[in-house]
Amino acid sequence: MASGTSTRTTCPYCGVGCGVVATPQEDGTVAIRGDEEHPANFGRLCSKGSSLGETLSLEGRLLYPEIGGRRASWDEALDLVARRFSETIAEHGPESVALYGSGQLLTEDYYVANKLMKGFIGAANIDTNSRLCMASSVAGHIRAFGSDTVPGTYEDLEEADLVVLVGSNMTWCHPVLFQRLLAARERRGTKIVVIDPRRTVTAEAADHHLAIAPNSDVALFAGLLDHLDRMGLRDQNYVEHHTSGLDEALADAQACGFPGAMEVTRLSAEQLRAFYTLWSQSERVVTAYSQGVNQSVVGTDKVNAIINCHLLTGRIGRPGMGPFSLTGQPNAMGGREVGGLANMLAAHLNIASPDHRSLVQSFWGSPRIAERPGLKAVDLFRAVGDGRIKAIWIMGTNPADSLPDADAVQAALCGCPFVVVSDVTRTDTTRHAHVLLPAATWGEKSGTVTNSERRISRQRSFLKPPGEAWPDWRIICDVAARIGFADAFDYQSPAEIFREHAALSGIANDGTRDFDLGACAKLSESAYDLLAPFQWPRQQGEPLDGSTTRFFAEGAFFTPDRRGRFVPTPVALQAVSPEFPLILNTGRIRDQWHTMTRTAKTPRLMSHYAESFCEINPEDAQAADIAPASLVRVISPQGAAVVRALVTERQQQGSIFVPMHWTDQQTAQGRIGAAILAAVDPTSGQPGLKFSAARIEPFHTAWYGFAVLRNKPEKISADYWAIARAEGGWRIELAGTEPVQDWAAYAAGLIGSGEGVETLSYVDQDQSSFRLATFSGGELLGALFVAPQPVAGSRTWVIEHLTRSEIRGADRLRLLSGRPGADQVDPGPIVCACFSVGANQILAAVEAGATSVEAVGDALRAGTNCGSCRVEIRRLINAATVKEAI
């Protein structure tokens, strides 16, 4: 793509599906802005989307195929993959091999992978990391609706009188969509209720926060169902003509009732009654839910408990009404549409149905078809571990870190006879691969994705793939051809794959199935290139315009009798133990994505939290003798991790929270996946990543350190470390359990040394504190600060010295102190990643008279882009106001 030429594409992060305009520049960078015409975001981007241009470097990229760690040609690598898979199938059967994909794959990639596995290999052992994300929502939809159908649209959030956010930190995880919701509240007075054990930034921005006990959602909504029925709010016409199963569902709800809901959720009678009354009296109500609902061993029941309330009141499928699943990944929906989960066929067809299997097999002309569901993610890797799966191909994901009981996953991969990984970068998973295949990434590949509201958008290429990287669909099709299925995989473009996918969705449909892209079955190459975002279904002959569609306002469900199903949801509780008395909860933070293969490339996104942490209630921290900012070991029956202690009352007593993102690439001992229980929902197979029994204890250290370096060190000698990109270099947090005898030598090993290098150092009398800075000319090569306790000092200010060209005299002494002088500005910890605004800058603006979030935005631009830092800005304003009053 020529410099200056803009390309409309779609963000590769969360399920909001924001439109992006990418413009390559003459200097090789890419300018990024939001697409004002895209109906998901109307030009707004979050901190991650805004920084996409900063993540396109070739650092860590896989540029050519490798076999056993050596460079190989594509022919050699693909011949080996095809031969080993063929031999394994011939000797052990088709269920001895597996594919494991990702919500990062495009729909066209997913389609050919699913076709290969289920239609030509003939087994259903293809699953995806979407199993960790939305599988319980899929299962709940199918139980209630007969299909995996999201009934509503984003516009419903803007047209509702009440929006209930359940298990969703929407401010951080779907920030652009949350800003649309806040704008609706400003415009029409929408009430927002957040249901979450943690007091997240979303909870702070809400009108009401219900801090329920972990995993008590079923009881909350069972009690609501009973309340709605007792208050006479049953929509009798809707229930009688469009649903079935109410009596059984009500029996479970009545067994719980208001007293049971109050006991299980640990809410007061006043809190519970106020919520039930608000829900009852709000005709237009949307209940939007995400991972706090799905990532549970009772996740499917949580989904159905929510849906039951909407079915009872008929509040579904009309403007401003309905249950709404907030998808986590950019194309988890597209993967579901093509059958990328082990228990689904393509086009939302049912693998358990002989008629559906026959339809797909006939359409594909395949020699066989999978006859039963395959192994879901957690069970699939257990099968790798016990030898049932003897060859696995992992595409675009990092299960060695992201799956629960991650050490067992690593051991399984280590012992597997044949592991193939196609990915864009090196990860903790790629090191177990016998064959590595370099894949094209965002900006280099072309295809489609589907967002949370069923809207299909194009991802378009604007960069040439580096080295020998190929798009995933081409890799898969080439392997299929070498196995012997060339005719069925002879695609020349992603548009050709999309047409086939669309045609399959329309076969024998006529509105009997929810998913229908028949209107796209004859899409030309040029029409595909120009395809604007549209929402399905689109039957043959319908226009591909921007109109929206809702489901189920007049019934017409996709069950055999076309009635929606009420599903009984008995209350089931998980327990901890005296040995592991705390509940470990995991999830995302604002500026990071999955295992940080993309987001860790930009200093801007590493500035908010540069290392992993454990949120601990002060009472729990005191009981475990854990000091703020010290290191804490999180221990479970599965494993352990060491992270920074973040003591806060925002965390409920008895529970702890650790982010999911950090891996062995960024930290020592910080992989929280190793400590997560691999228990799953029995219906969906989704692991309960929000509830693992755990305990905490101090990680005893002899010293703590903080370092900034111009160059990334080859080795870090410390019992604990966490490394992150910084402007001009790197930042590292360090700690050791044994004293270091020669700190100067340690610093030289970390920073480096050589001719012409000048070193300035300080050691206190008892050797417990040490500071050193190394310069080449006027440039800082590195600095190390060591203390017996967590190192104090202004990290943001110290890091800024990596970008300065002339540091001499008194400036060097100030740097060694770790704090600026009175005549220098210390930005403080970064609050707004979009514009790199620190806490001290915000406080200075408040002191100068900016006493509202809007005023701070006017003064500093902080909070004016994605808005996900606005709650933190409000906290600083409130703190400054209280301090001034005192």
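## A first look around E615

E615 touches R198, L646, T648, Q651, S655, I656 and F657, leaving aside residues up to four places away in sequence; a contact means heavy atoms within 4.5 Å. The model is predicted, so to speak of local features a pLDDT of at least 70 is needed, side-chain atom pairs count only at pLDDT 80 or more, and totals for chains, interfaces and linings use all residues. Residues are numbered from 1 along each chain as its sequence is written, and side-chain values use heavy atoms, with hydrogens and water left out.

E615 sits in strand β22, residues 613-616. Strands (E, at least two residues) and helices (H or I, at least four) are DSSP runs, numbered from the N terminus. With 7% relative accessibility, E615 counts as buried, that is, under 20% relative accessible area with a 1.4 Å probe, protein chains only. Its side chain makes a polar contact with the side chain of R198 at 3.2 Å; such a contact is a pair of N or O atoms within 3.5 Å, where within protein one must be able to donate a hydrogen and the other to accept it, and residues adjacent in sequence count only if both atoms are side-chain atoms.

Now for the whole protein.

| Feature | Value |
|---|---|
| Helices and strands | 30 helices and 34 strands |
| Buried residues | 63% of 886 residues |
| C-alpha box along the principal axes | roughly 80 × 70 × 55 Å |

Among contacts with a separation of 6 or more, 71% join residues 24 or more positions apart.

Note on methods
Buried < 20%, exposed > 50% of the residue type's maximum accessible area, 1.4 Å probe, protein only.
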